[in-house]
Amino acid sequence: MGDQGSPFVGRGSHLSALDGQLAHVVAGASRIVLVDGPAGIGKTALIGRFVAAHPDAEVLRACGEENETGLPLGLLDQLLSPAEKDEQVLPRPPAADAPTAGARLLDVLGELQTRTAGPLILVVDDAHWADSSSLQALAFALRRLRADRVLTVVVVREADDPALPEGLRRLLTGEGTLRVSLSGLSAGEVGELAAARGGSLPPTAVVRLLDHTDGNPLHVKALLEQVPAARLMSTAFPLPAPLGYARLIEQRLADRTAEAQALTAAASVLGMSCPLHRAARLAELKDPLPALDEAVGAGLLDETPEPGGPRVSFPHPMLRATVYRTLGPVRRHALHRAAAGQSDSAYGSLQHLVHAAQGPDEALAGQLADAARTEAAARRWGSAAPLLRDAGRLARTERDRERYGVEAIEALLWEGRRDEAQAVFDELPGDACSAAHRYARAMMLPFDGDLRQAEPLLREAWNDCDPTTDPEPASYIAGMLSFMALSLNQGLDAAEWAGRSLRLCARRASSTMLRYVRMTGYGLSGDIGRGLAVVAELPDASLVTAADVDLLCGRGLLRLWSGELAGAERDLREAVFICRDGPMMLRIIAMFQLGLTQYALGAWEEAAQLLDSAASLTDDTGNELHPTVHAAAAWVLAARGDHDRAEWHLRQVPDIPVTPGMIMIESRRARAFLALLRGQPDAAAAELLPLLEADAAEGLCEPMTGPWRDLLAEALIGLGRLDEADHALTVFETLAADRGHAAALATGCRIRGELLAARHEPGAAEDMFGTGLAHAARVTAPYERARLQLASGELLRRTGRRAAAAQALQAAHKTLTGLGAVPLLERCARELAACGTARAAGGPPSPPDRGPVLTSQELAVARLAASGLTNRQVARELLLSVKTVEYHLGHAYTKLGISSRVGLATRLPPGPVGNG
């Protein structure tokens, strides 16, 4: 550790285990290895020996640093910077958040694999000291490696270290990860180490040294360096405690020339690694090469040749930390001040000024807060949070410390880092009963699943603040009240609180989702026109910039709810494209809403792929849309007859009982829909009846935003409870008529027709089905149109008009076949057979050949490849690695009987179904 040319002994079984994992990688299967053990046990040395034994491998390295745990995406930058400097990797804007950074790492890993024949080894040393954002990004990327030639080695002191994000910890301790735990050297290995360092020891001395050090290589080396061999071999003298590692490094540094000391000191201020010219400039060395040569020879620095000049780095974080501590406060302050003036980034300059600070500094605290708000405006919450925490530490007044602390909590919660937000809250100064404290407590409660306690806290905070004299804190509270109201399906309240927050502090428009919440709130209240008025001046989707992508998502959602599906598709497809580099929250929203739009349009394959991908992203990010997106994915799969996968998605959604203010309507709707398709109206009614007692919130009533009364009426008809069905359906029909929503009116007519048929009023039922078809013809609603045709055909057959029934059923059959709506298609086929159509045709009607069955992932990859995208572009679109794309394409080619993408267009299953 830090010894140039230090001998390496033992660890043969561990090296063999690593070699075995690399063999799997060479064969085309990614692998993860966790290496753990106490400080000084040789983890870094083991990985160094393993990597050196495989010169054909491409290696990406990064190392956590104890004093840089607050630097957002700092560790990931160590991995990405060398690759992105390559001219073949195009530069991209800064990642907005950890998942987006993870997607970028995935892209870089894919690109590197295309340029090298050998495997890729990704080493993350001292991960317990890495920043949380980088570790979240790493977990995001690792979960998406499938057929990649990538071996990831993560080095930590303890496998269950709480500093590791929960998602990464699960990944590292899961069944697919090999754990390599290091303990002390054996007696033979201690003897071998002694011999390699210049002198053999008799067995008694070896055992004595082993017992004294527990075989820790660092301690063994320290004693071999500080204790003469004769004393080691003599039992007359007790062995001293191993001279501390820091003492050894301090002595080694003291033996160097002033120039080598200056270069090493400057490098320690600049981080684990830096360009030589920057360290030389800070050390005021015109010719740094002799000093570098001396520092490298002493094992204090490593040097890596690069096209733009050498790069220097420390062999181990402990070495760098030791050098940094030896500087003393005066020299450390001076070097950081100088580094701040020389930094090529505003963020880096501020960080050096923070390290140089000697106490409260109001001006610097203000600069940090301003920089944080700039980052927040770009929705880079991971960058904003540490700046705000530093601002709080440097603020002079308790009020400012409290304000910056609350802003830091908000940023951390937007980033999904609940535990870190709690740590900031625990240190928050000021009165625990103040509006700021109440607001901070209320922000964290929803993350614990406790919305009911959060709302009264926020209202108390609002009543205690003065929007006139202190508009900014009031804006925060109003904004949180808007999010709370939206979660409780109180649309109008959500819109009004969001508007109030924006009026109090206009800059929050770009840094939060308040504009989107405002539009969504109006939609939930049924006033879509008022919601669209918010974006009256928003241009065509192709002209919208990233700063307004939240408005584009809002307009897309309102257009979806109003039935303007073509406009919704344009808006949301562009939003997905704009959000390809983050923020992930908006990317998930755009993908989710586009999936719903494609389902309504009849493009069910794409809908299933979008919703499945969005659900996967919510799993990885802990996004609050997790239950909603999984429920939507289950709905589409249920409609297609893929009930096993639909049930899997529904199992991912917590089963929350209906209580006032806490209603998980999406999952109940999806379960009821699945039950109805299976012919289980009792199960559907059991899901939906509890909602009757909790429908005060307008968001639970609207027929466009989350309809459920239509499903309840259908279930009650199936149970013969016709009067109850009539009551539930009347509420749905009334609102659909008030809103003028054609698709909802068509649905209401279908279920009203079924109710009339159940009451033995076939004439009225037939008229109702005809009215429903007229409504369906006004909009793009292929599934509802087919369901009306099916219901009409069933009625006609049962009243003896088989020819007319067959005509309606054949029209339904054609549309349902195009959609792939297997449950209703089977029902339609049975009705056609009962009409005699099957006997006339010589057998039961069957859907046209849809080709070999591709998995949803294979189909998604194949469709994008057929559209002309390269494998790398497909990978970016679907957030997969390039090798995973190649893997799915290979399987698709085999199933389709083709050898390249040229044949995809003719062999892929049919695409979307229109309304014709």
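Leaving aside its neighbours within four places in sequence, which residues is Asp-36 in contact with? Let's work through that one and a few more.

This is a predicted model, so to speak: local features need pLDDT of at least 70, side-chain atom pairs count only at pLDDT 80 or more, and totals for chains, interfaces and linings use all residues. Residues are numbered from 1 along each chain as its sequence is written, and side-chain values use heavy atoms, with hydrogens and water left out.

**Exercise 1. Work out the surroundings of Asp-36.**

Step 1: Asp-36 lies in strand 1 (residues 31-36); helices (H or I, at least four residues) and strands (E, at least two) are DSSP runs, numbered from the N terminus.

Step 2: check accessibility. Asp-36 has 7% relative accessibility and so counts as buried (buried is under 20% relative accessible area, exposed over 50%, partly exposed in between, with a 1.4 Å probe and protein chains only).

Step 3: list the contacts, meaning heavy atoms within 4.5 Å. With neighbours within four places set aside, Asp-36 is in contact with Lys-43, Val-156, Arg-157, Ala-159, Arg-179, Val-180, Ser-181 and Leu-182.

Step 4: pick out the polar contacts. Such a contact is a pair of N or O atoms within 3.5 Å; within protein, one must be able to donate a hydrogen and the other to accept it, and residues adjacent in sequence count only if both atoms are side-chain atoms. The Asp-36 side chain has one with the side chain of Arg-179 at 3.1 Å and another with the side chain of Ser-181 at 2.8 Å.

**Exercise 2. Find the side-chain partner of Gln-113.**

Step 1: Gln-113 sits in helix 4 (residues 98-115), and at 2% relative accessibility it counts as buried.

Step 2: not counting residues up to four places away in sequence, Gln-113 touches Asp-148, Arg-149, Val-150 and Lys-883.

Step 3: the side chain of Asp-148 makes a polar contact with that of Gln-113, at 3.0 Å.

**Exercise 3. Sort helix 34 into buried and exposed residues.**

Step 1: in helix 34 (residues 643-651), the buried residues are His-643, Ala-646, His-649 and Leu-650. Looking down the helix axis, these fall within an arc of 120° and so line one face; the arc is that of the directions from the helix axis to the C-beta atoms.

Step 2: An α-helix has 3.6 residues a turn, so residues three or four places apart point the same way.

Step 3: Asp-644 and Arg-651 are exposed on the other side of helix 34.

Step 4: the buried residues pack against helix 32 (604-621), helix 33 (626-640), helix 35 (665-677) and helix 43 (822-834).

**Exercise 4. Describe how helix 33 meets helix 35.**

Step 1: their axes come within 8 Å and cross at roughly 15°. Axes are lines fitted to C-alpha atoms, for helices over the stretch in contact, and angles run from 0 to 180 degrees between N-to-C directions.

Step 2: helix 33 and helix 35 are therefore roughly parallel (under 35 degrees; over 145 is roughly antiparallel, 65 to 115 roughly perpendicular and the rest oblique).

Step 3: name some residues. Those of helix 33 that meet helix 35 include Trp-635, and those on the helix 35 side include Phe-673.
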